[in-house]
Structure formats: structure tokens, C-alpha cells
Amino acid sequence: MQPGSTNGTSGGGLAVPMAWLCAEYTADEMLRTGALVEADSLEFRAGRQTLALTIHLSDGGEPLSGGSTAARIDHWLTVTSYGYPWPQWVRQQLGVRAERVRHGGEDPDLALAADAWRRLCETELLATDLGGLEPWHPSRPPDALTDEAAQVWLPAWELGLPLGHLAVHLW
């Protein structure tokens, strides 16, 4: 066993992905506190990975870096809100980090974050077909309601994103 150091690596050995592990832990705690879905469900896993990616990619590359907790939570709410181009934002942030690594930087968390993104895109979950409708509003006529029996397969992030947003809001 190599001696530990304070910079997140083990004395020149394997780098420990502490930022990713902290983001995943925070996401897990938020979802468990919100109690929106069962902790052993696929929906929970999708929400945790989506939220962990959001937290990790928002923090600037270092655990708990920059700004107040309230400002970070507001940012997470913004990034996960309805209509925000979250998948494009994730791809952009992963690209920025990959570019840093190509230019000699270190990012032991990048592989885990990229793998989580790949799994969120490749895994599909069966969910109610909202038919591309805008969120329901009381001014909408009753015949515009969605048939909740109709279901479609969605990439896991599409189900995890609103779940993550609600978990952050409830936290």
C-alpha cells in the first residue's frame, strides 16, 4: 500500500476519483431524503447518476470548490430544470475536461463521469408517454390530458433528470 497524500492521489500511485465519489454520495443522499422512488429501483439509479453528473460537472473539477452551498444548489436547479439543454451541457463539460487531460492535466474522475453518461444514454426505461406536450397547466382544456397508459422507452437520463431536479428542490 502506498502512502496517502493530501492532493487526492496515493503518493504518485493511482489517483483516487474523490470528486466523483463525493458527487455520487451527495446525489444519493438527496434522492434518499426526497424519497421520490424506491432506493433499489432503476429510476433511482437513473436519478442518482444524472444528479451525480450534474453535481460533478458543475463543481469546476474539485470537490466542494467555489461559491456558497446555496449558489451551487441554485445552479443544480437551473441545469436540471425543464427546457435546459442538459445533454448538450453534459457533452460540453465532458469535452472540456477531456481536453484538459489531453493537455497534460489530471482528472481521475473523468472516466467514471464519462462511463455514467454512456450508461445513461444507452440504458432505456419504460415510462409514460407525455407525447411531447408542454407541462400541464390549469388553463389547458381537459381533452389535452395525457393518456397515462401509453408508454415509451426513454434514455435513462430523460427520467433521471426531472427526478434529480425534484430531489434537489426538496433537499
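Biologist: Which pattern does the protein follow, read along the sequence?

Modeller: This is a predicted model, where local features need pLDDT of at least 70, side-chain atom pairs count only at pLDDT 80 or more, and totals for chains, interfaces and linings use all residues. Residues are numbered from 1 along each chain as its sequence is written, and side-chain values use heavy atoms, with hydrogens and water left out. Helices (DSSP H or I, at least four residues) and strands (E, at least two) are numbered from the N terminus. The secondary structure comes to six helices and two strands, and the pattern is α-α-α-α-α-β-β-α.

Biologist: Is Ser41 buried or exposed?

Modeller: Ser41 is found in the loop between α1 (18-34) and α2 (42-58). Buried means under 20% relative accessible area and exposed over 50%, with partly exposed in between (1.4 Å probe, protein chains only). The relative accessible area of Ser41 is 15%, so Ser41 is buried.

Biologist: Which backbone nitrogen does the side chain of Ser41 reach?

Modeller: The distance is 3.1 Å.

Biologist: What is α1 relative to α2, oblique or roughly parallel?

Modeller: Axes are lines fitted to C-alpha atoms, for helices over the stretch in contact, and angles run from 0 to 180 degrees between N-to-C directions. The axes of α1 and α2 come within 8 Å and cross at roughly 130°. Angles under 35 degrees count as roughly parallel, over 145 as roughly antiparallel, 65 to 115 as roughly perpendicular and the rest as oblique. Therefore α1 is oblique to α2.

Conventions
A polar contact is a pair of N or O atoms within 3.5 Å; within protein, one must be able to donate a hydrogen and the other to accept it, and residues adjacent in sequence count only if both atoms are side-chain atoms.
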